[in-house]
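Student: Please take a close look at a single part of this model, the open sheet and the contact surface that goes with it. I would like the cut-offs stated as you go.

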Amino acid sequence: MISQQLNDLITRIGPDTAAGAVHRKYWQPAALTDELPDAVAGEPPMLPVNLLGERLVLIRDAAGALSLATREAAADEPPAHHPARADIKLVAGGPTYPVVEKNGICFAYLGGGDAPAFPNFDCFRAPESHVFAFKGLWQCNWLQALEIGIDPGHASFLHRFLQDEDPSDGYGKQFRDKAANTDMPITQVLREYPRPEIKVEETDFGLKITALRHMDGDLTHVRVTNQIFPSAICIPMSREMIITQWHVPIDDENCYWYTMFTSFQNPVDKAVMRAQRLKEHSLPTYAPLKNRANNYHYDPAEQKSLTYTGMGLDINVHDQWAVEGMGPIQDRTREHLGRGDAAIIRYRRMLRKAIKELETGQAERLPMQDRQATSQLVGPLSNDAITGSEDWLAASLAADQERRSAAPWDAHI
Amino acid sequence: MTHSPQPVTITSSWVRIASVEALQGERPVIPVTAFGQALVLFRDEEGELGLIGRYCPHRGADLCYGRHENNGLRCPFHGWHFDRSGQCTEQPAEPEDSKMYKMIRLPSFTVVERDGAIYAQDAGALPAAT
Ligand code: FES
Ligand SMILES: [Fe+2]
């Protein structure tokens, strides 16, 4: 439980807020490259962008360079508003921000002064052929969206399948693969071992979160996920792919998830992955078709027999329901965190520390602000391993090394 | 907490919150707003009614979508289970030796059925809001 005052401090991200200032010290996903329209009749392409409480436009100039400019907006505009090209009016002399495109996502820096370096994470250094990017709208504050991503226990419940699918049907989906070097689908491991032991370590980029599931036969399932400061996570998806996902504030009560799916093996089948996701979203806002207004297609009969939520097999919908159901900003004055929430507690401490450092003029102390060191950050390790040895750490590193050394691009760490 | 053993006269301190019919479907769980709070009304496997806080005291998930099982409601997010008095009875993601669940209780209200309607009373003797 925290005070209302502290909840406000760590959730609100508008231009003059303390947590907003922290977000502004980092490159933020502003749009998918896929979203940028073609130039029309010599006019430069413009795309409305709603980011960190600001109403902006992404522009590609004649030379191909990207930037964000401020646009005029009515006070009652919907949060993910997408005006037509003809209705976009730039604010003369309004703030503009630098933009860099990386493997399908246009990242913007709203912080003023020198922008930080990009870390050399797998999603950025893999070739374009091995990364697929997508996004989706969640109608809630960014922090509850992030917190579900650093909560390794929830997958044993929220995403529980009462029956397992055939893992070979699972291309491009989360939790459908077999657990590393066994015949057990991950869904079965999660279901049968719901009380993970959770270890959290601070790193140069955020947090390394290790969930240990001690299984029968002296086996241990080791799942390593990461928090990348301030609003991203990096988690395994299948043996072939990892997910790097940002929870980017639109305003205080809405956010986008932006995901880069990165393959260590084959080029990503982008047509399949895009089609899987376009089927579940409506453009141009990328609002999910299953949502609060239609009860997420909740089916009590399915909840009894097939899934834990009764909301279908797409785990994104489960997460969306969980975080949107808390209300626009989770009321943390009523929460009761347990031992399973260790990473959430640790993350909030990091965020409060960053807020304090910015307020006392020590911006350089925030994670990943040193250009030289940040450009050399690789990884992070995110994978599933099962081991019979007590040295689960070595087993986790070895499983990761195996996949990295076989990768067709330079994935060494 | 629900059926009073004594005959109850519905007076003005009772608030009509639903018709009995509203709980007659396959899954007798519905959202209710009363006493200025978001609540969930359900019938458990003993046939008794519970009227408890709607948002899970763990991290706030919406119990109206809870799993109707084990004579209560189970939150789909991390499996915390609540009985009709609002008492948490299980925290299946917490370590085996954790007794934290004993300390967790949602607000709850006395409920009666009369003439096809369900009434609730703000009993004054409420458990501390969590
Ligand atoms: S939010 Fe209900 S069990 Fe976690
Ligand atoms: Fe999830």
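Tutor: In this predicted model, four strands of chain B form an open sheet in the order S5-S6-S7-S8, with antiparallel pairing; strands here are DSSP runs (E, at least two residues; helices are H or I, at least four), numbered from the N terminus, and two strands pair if DSSP finds at least two bridges between them. The edge strands are S5 and S8 (88–90) of chain B, each of which pairs on one side only. Strands of a sheet pair through backbone hydrogen bonds, either parallel or antiparallel. Strand S7 (residues 81–82) of chain B is joined to S8(B) by two bridges, and the two run antiparallel; within S8(B), Cys88(B) is the residue that stands opposite Phe82(B).

The numbering runs from 1 along each chain as its sequence is written, and chains are lettered from A and ligands numbered from 1 in the order in which they are written. Local features need pLDDT of at least 70 and side-chain atom pairs count only at pLDDT 80 or more, whereas totals for chains, interfaces and linings use all residues, and side-chain values use heavy atoms, with hydrogens and water left out.

Turning to the interface, the contact (heavy atoms within 4.5 Å) takes 31 residues from chain B and 33 residues from chain A. The area buried between the two chains is about 2,700 Å², with carbon and sulfur atoms giving 53% of that area; buried area is the accessible area (1.4 Å probe) that two parts lose on being put together, summed over both. Between chain B and chain A there are 18 residue pairs in polar contact, both residues at pLDDT 80 or more, where a polar contact is a pair of N or O atoms within 3.5 Å, one of which, within protein, must be able to donate a hydrogen and the other to accept it, and where residues adjacent in sequence count only if both atoms are side-chain atoms.

Four salt bridges are found across the interface, a salt bridge being a side-chain nitrogen of Lys or Arg within 4 Å of a carboxyl oxygen of Asp or Glu; one of them links Arg195(A) to Glu96(B), with the closest N and O atoms 3.6 Å apart.

As to confidence, the model scores ipTM 0.93 and pTM 0.93, and chain B has a mean pLDDT (the predictor's confidence in each residue, from 0 to 100) of 89, with 85% of its residues at 70 or more.
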